[in-house]
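Keep the structure open while you read.

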Amino acid sequence: MALYIYCRILVTTLLFMQALADTSCRDCFIHSRAAYYPNSEEHGTDVGACGFGSFGATVNGGDVSAASNLYRNGVGCGACYQVRCTNSAYCSDKGATVVITDQGSSDNTDFILSKRAFGRMAQTTDAAASLLGLGVVDIEYRRVACSYPYKNITFKIDESSNNPYYLAFVIWYQQGSRDITAVQLCETQNFVCKLLDRSHGAVWTSTTPPSGPLSVRMLFSDEENEEETWVVPVNNIPQNWKAGETYDSGVQVNL
């Protein structure tokens, strides 16, 4: 009997320790490699695969990156990662926090950073110059929450849109550490909703958008914990929406 109780306690303890390990591992760093955009100045590209346009070159102060596997067919667009190089002669412990705005890989890398973000992994300005001279470095990274103080989630209507026949938009200032995996447009009068298509990257489209002012619903998903939350912004996209315009959602998301 005593042996049975001991075994039960041992199994329970091991399961508890495993649960703690699984939780803490969400903050674990993953080893990889990173390069940088060779032909850029400080910022990233304004023609990235995520569809952010010029916003994708300057968001987050220009600390942006292209991703290979982490692009995830566009689901990874807008996600934030802490990236730090591992050469103790040049690299800081903090590294750089980057936003995924493009797709790409080079020499078995997970990230192609903007030149600004690549240099920010260094300890000093001189170390940054040496780091840039290497071109490709060993790194470690982890997913972190995106934070844009004083910025609400914003909808940028794509220039290809044509009211009322075709609507395409990109979500700016995606916040938190979850992915936006689905978007719906709902009529504000009769609440009929339509699920949008992910055209490419972070571009959501509808060939027959609902009429009137439009309420946007966004599904924030945490694949690891199998958690999903629908978020409905305070502000609607107006009935007379126009291509090229931006509309403030009125909400910030900390999921």
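Q: What lies over the face of Phe-29?
A: The general idea is a charge over a ring: NZ of Lys or CZ of Arg must be within 6 Å of the ring centre and within 35 degrees of the ring normal. Here Arg-84 lies over Phe-29, at 3.8 Å from the ring centre. Another case is Arg-217, whose charged end sits 4.5 Å from the centre of the Trp-230 ring.

Q: Before we go on, what kind of model is this?
A: This is a predicted model: local features need pLDDT of at least 70, side-chain atom pairs count only at pLDDT 80 or more, and totals for chains, interfaces and linings use all residues. Residues are numbered from 1 along each chain as its sequence is written, and side-chain values use heavy atoms, with hydrogens and water left out.

Q: How many helices and strands does the protein have?
A: Helices (H or I, at least four residues) and strands (E, at least two) are DSSP runs, numbered from the N terminus. This protein has four helices and 15 strands.

Q: Which strands does β13 pair with?
A: Two strands pair if DSSP finds at least two bridges between them. For β13 (residues 214-222), one partner is β9 (residues 179-187), joined to β13 by eight bridges and running antiparallel. Cys-186 has Ser-215 of β13 as its bridge partner. Strand β14 (residues 227-231) is also antiparallel to β13, with five bridges. There, Leu-219 has Trp-230 as its bridge partner, and Trp-230 is the residue whose ring has Arg-217 over it. The hairpin of β13 and β14 has four residues between the strands, and Glu-226 takes a positive phi near 55 degrees.

Q: How many residues of β13 are buried?
A: Buried means under 20% relative accessible area, exposed over 50%, and partly exposed in between (1.4 Å probe, protein chains only). In β13, eight of the nine residues are buried, leaving the strand mostly covered. Across the protein, buried residues make up 45% of the 255 residues.

Q: Which strands pair with β6?
A: Strand β1 (residues 30-36) pairs with β6 in the antiparallel sense over five bridges, and His-31 stands opposite Glu-140. β3 also pairs with β6 in the antiparallel sense, over six bridges. In that pairing, Cys-80 stands opposite Val-144.

Q: Where do the buried residues of helix α4 point?
A: An α-helix has 3.6 residues a turn, so residues three or four places apart point the same way. In α4 (residues 125-134), the buried residues are Ala-127, Ala-128 and Leu-131. Looking down the helix axis, these residues fall within an arc of 105 degrees, so they line one face of α4. That arc is taken from the directions from the helix axis to the C-beta atoms. On the other side, Thr-125, Asp-126, Ala-129 and Gly-133 are exposed.

Q: What do the buried residues of α4 pack against?
A: Think in terms of contact, meaning heavy atoms within 4.5 Å. The buried residues of α4 pack against β3 (80-85), α3 (115-120) and β6 (137-144). After the helix comes Gly-135, with a positive phi near 85 degrees.

Q: How many aromatic pairs are there?
A: Rings of Phe, Tyr and Trp (its six-membered ring) pair if their centres lie within 6.5 Å; planes under 30 degrees apart count as stacked, over 60 as edge-to-face and the rest as tilted. The whole structure holds ten aromatic pairs. One of them is Phe-55 with Trp-172: the centres are 4.0 Å apart and the planes at 5 degrees, so the pair is stacked. Phe-55 is in α2 (residues 55-58) and Trp-172 in β8 (residues 167-172), so this pair ties together parts 117 residues apart in sequence. Phe-55 and Trp-172 are both buried. Trp-172 and Tyr-173 have ring centres 6.4 Å apart and planes at 85 degrees, so that pair is edge-to-face.

Q: Which residues form the aromatic cluster?
A: Phe-52, Phe-55, Tyr-148, Trp-172 and Tyr-173 form one cluster.
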